[in-house]
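Biologist: I have a model open and would like to go through it with you. Can we start with the overall picture and then pick out some residues?

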Amino acid sequence: MNKRPIRITIIGLGLIGGSLGLALKQADPSIVVTGYSRRVSTVRKALKLGAIDHGSGSVTASVKNADIVFICTPVRTVKDIFGAIAPALHRNCIVTDAASTKVEVMKWANRLLPGHVNFIGGHPMAGKEVAGIDAAEATLFRKCVWCLTPSPGASKYSLGKLSKTIRYLGARPYVINPARHDLLVAGVSHLPLVLSTALVSATTGSKLWKEMSRLASSGYRDVTRLASGDSRIYTDICLTNQRSIVKWTDDFIRELQHFRKLVAEGDEALEKAFNKAREAREKWLKSRH
């Protein structure tokens, strides 16, 4: 007898959800993928791209027969989705998300999801500065770390099954405590988006910007890349990880004040500081490979 194909539902068909669907179908065409988005036009695009097999007009109905549910929406939307899908989730269903913060999501899951499902928080460390289904690509998650934060009630079997699915995408599952996740990611992911945005605000708000913009080149473009991201997603991240982002912002301000002092005083220690930072970054880049 042929084994029944796995049934996966993706709620939210933007960059992450669309890329997830494409990657799943590329990895195993037998996987049956159902997709839901508030916008009918987005569902149609996902169907046309081959990211999903079926589109659903109801978030509740979309999860009815799902073995695994991926929620790929802005963080604060996840709470409402938990409440909407809870009555339709079958026993032992695995529910996960792709939100950039985890502590608040885990609290919502504990309060709103039924005890007979397995909730495992998730966060793929991948993305682009552009959003939407049009930017989706099957290779988005290859070689990326995919953080997993299992709830206390999630079974080892469900964690193994979800980890296996994530490996299908070319990603590396990484189990981590939710609070630890939010602290670490605030430094390497959330702080950069704040800095990128602040730099754009500081420069474009200047009376000199009209002339300065003609001189801005690759350096400015690269450092400000994240400022082109989705403002709703960024706002949700900041409002669900305030303490950690403030901590890293304070640390950065202290470092920036240090550099300001070196520059203002014409201190020869500037070169040493630049060398130290360059060496640290080179070491990190080598470790990635």
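Biologist: How many helices and strands are there in the protein chain?

Modeller: The protein chain has twelve helices and eight strands. Helices (H or I, at least four residues) and strands (E, at least two) are DSSP runs, numbered from the N terminus. This is a predicted model, where local features need pLDDT of at least 70 and side-chain atom pairs count only at pLDDT 80 or more, while totals for chains, interfaces and linings use all residues. Residues are numbered from 1 along each chain as its sequence is written, and side-chain values use heavy atoms, with hydrogens and water left out.

Biologist: What radius of gyration does the protein chain have?

Modeller: The value is 21 Å, which agrees with the radius near 19 Å that a compact globule of 289 residues would have. The radius is taken over C-alpha atoms, and the globule rule is 2.2 Å times the number of residues to the power 0.38. Along the principal axes, the C-alpha atoms fill a box of roughly 75 × 40 × 35 Å.

Biologist: And what share of the residues counts as buried?

Modeller: Of the 289 residues, 40% are buried. Buried means under 20% relative accessible area, exposed over 50%, and partly exposed in between (1.4 Å probe, protein chains only).

Biologist: What share of the contacts joins residues at least 24 apart?

Modeller: The share is 73%, counted among contacts between residues at least 6 apart in sequence. A contact means heavy atoms within 4.5 Å.

Biologist: Now the inside. Which residues touch the most other members in the largest nonpolar core?

Modeller: They are Ile10, Leu20, Leu24, Phe70, Phe141, Trp146 and Leu162, in a core of 35 residues. At least two residues each come from β1 (7-11), α1 (15-27), α2 (40-49), β4 (68-71), β7 (145-150) and α6 (156-168). Helix α1 gives the most, with six residues. A nonpolar core is a set of buried Ala, Val, Leu, Ile, Met, Phe, Trp, Tyr and Cys residues joined through side-chain atoms within 4.5 Å.

Biologist: What does a second core include?

Modeller: A second, separate core of 24 residues includes Ile11, Tyr36, Ile81 and Ile85. In general, nonpolar side chains in soluble globular proteins tend to be buried together.

Biologist: Back to Trp146. What does Trp146 touch?

Modeller: Not counting residues up to four places away in sequence, Trp146 touches Leu20, Phe70, Gly122, His123, Pro124, Phe141, Ile166, Leu169, Ala171, Arg172, Pro173 and Tyr174.

Biologist: Next is Ile120. Is Ile120 buried or exposed?

Modeller: Ile120 counts as buried because its relative accessibility is 0%. Its place is in strand β6 (residues 118-124). Leaving aside neighbours within four places in sequence, its contacts include Ile94, Asp97, Leu148, Pro150 and Leu162.

Biologist: Where is Thr34, and what does Thr34 touch?

Modeller: Thr34 is in strand β2 (residues 32-36). Its relative accessibility is 17%, so Thr34 counts as buried. Beyond residues up to four places away in sequence, Thr34 touches Ile8, Thr9, Ile10, Ile52, His54, Ser56 and Ser62.

Biologist: What about Thr73, buried or exposed?

Modeller: Thr73 is buried, with a relative accessible area of 15%. Thr73 is found in the loop between β4 and α4. Residues up to four places away aside, Thr73 touches Ile11, Gly12, Val78 and Ile81. Ile11 and Ile81 are included in the second core.

Biologist: Let's switch to backbone angles. What is the phi of Asn92?

Modeller: Asn92 has a positive phi of about 70 degrees although it is not a glycine. Asn92 lies in the loop between α4 (75-85) and β5 (94-97). With a relative accessible area of 55%, Asn92 is exposed.

Biologist: And what is the phi of Lys143?

Modeller: For Lys143, phi is positive, about 70 degrees, and Lys143 is not a glycine. Lys143 sits in the loop between β6 and β7. Its relative accessible area is 71%, so Lys143 is exposed.

Biologist: Last one. Which residues does Leu199 touch?

Modeller: Leu199 touches Tyr220, Val223 and Thr224, not counting residues up to four places away in sequence. Leu199 is in helix α7 (residues 178-204) and is partly exposed, with a relative accessible area of 30%.
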